[in-house]
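Work through the exercises below with the coordinates open. Each task is followed by a solution in steps.

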Amino acid sequence: MRVLVATCSVDYAGRLHAHLPLATRLIIAKKDGSVLIHSDGGSYKPLNWMAPPCDVSVITPDADQLAAGVSEVWRVTHQKTADLLILSIHAIHTEVEHDLGEDPGLVKQGVEADLQRLVAQQLEVIGQGLELVRREFPTAIGPVDVLARAPEGGTVAIEIKRRGDIDGVEQLTRYLELLRRDPHLRPVRGVFAAQEISPQAKTLAADRDIDCVVLDYQALQETDIPENRLF
């Protein structure tokens, strides 16, 4: 990876045209061929960039560019779209080049698969006396995250999301319509469980007679006992 702090201007030509006037910016040229230009603001998002696959070539400025103070020009061309990113560099203030090696990738915690497993192990967070039927219970339109047997009879279909919105409630509604056709499962109650549930989703769930449960991932994780894991 090559990282530079440089005074530069940037021109982009492709589906649209964009120009960054002369200023001091952070330039990142990655091993995968991508080039990103950042300012000291705007959080993580670059001002402009070229994603791989692309070709990067450094060319000598012409007479007009030299007269304007340009010391080198980067020409970044996308291999598939022919989009073009031109960096006109006037001065390089800091430059670092380092091989970062292979990255193991981001390990996410609290994703829906983790929540599903933890809820299936700890059904008491949904309701007392529930017994697991199975995770990923199949229906004709997709699997229900968790299906449990209720102590009073019938079953409970549990749809699990990290962030619960109206679409999730609609999804659970469709599952319930199918599950309630099976006399072996009736009556079927729906539970919409998520770490966060929007007010609109709560309102729709109440209208559909679906219970909402807000999940505490940290608490579920703290009581996660490896020897009790289902699979």
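Predicted model: local features only at pLDDT ≥ 70, side-chain atom pairs only at ≥ 80, totals over all residues.

**Exercise 1.** Determine the strand order of the open sheet of 7 strands and say which strands stand at the edges.

Solution. 
- Step 1. Reading across the sheet gives β4-β3-β2-β1-β7-β6-β5, and the pairing is antiparallel.
- Step 2. β4 (48-50) and β5 (54-59) each have a single partner strand, so one side of each lacks a neighbour in the sheet, and these two stand at the edges.
- Step 3. From one strand to the next, the twist averages 30 degrees.

**Exercise 2.** How many bridges join β5 to β6, and which residue is the bridge partner of I59?

Solution. 
- Step 1. β6 covers residues 72-78 and runs antiparallel to β5, with 6 bridges between them.
- Step 2. The bridge partner of I59 is V73, in β6.

**Exercise 3.** Describe the open sheet of 5 strands, including how β11 and β12 pair.

Solution. 
- Step 1. The order is β8-β9-β10-β11-β12, and the pairing is mixed.
- Step 2. β8 (131-137) and β12 (211-214) pair on one side only, as the edge strands.
- Step 3. The twist from one strand to the next averages 25 degrees.
- Step 4. β11 (residues 188-197) pairs with β12 in the parallel sense over 4 bridges; A193 has V213 of β12 as its bridge partner.

Terms used:
Residues numbered from 1 in each chain as written. Heavy atoms only, no water. Pairing = 2+ DSSP bridges. Axes fitted to C-alpha atoms, helices over the stretch in contact; angles between N-to-C directions.
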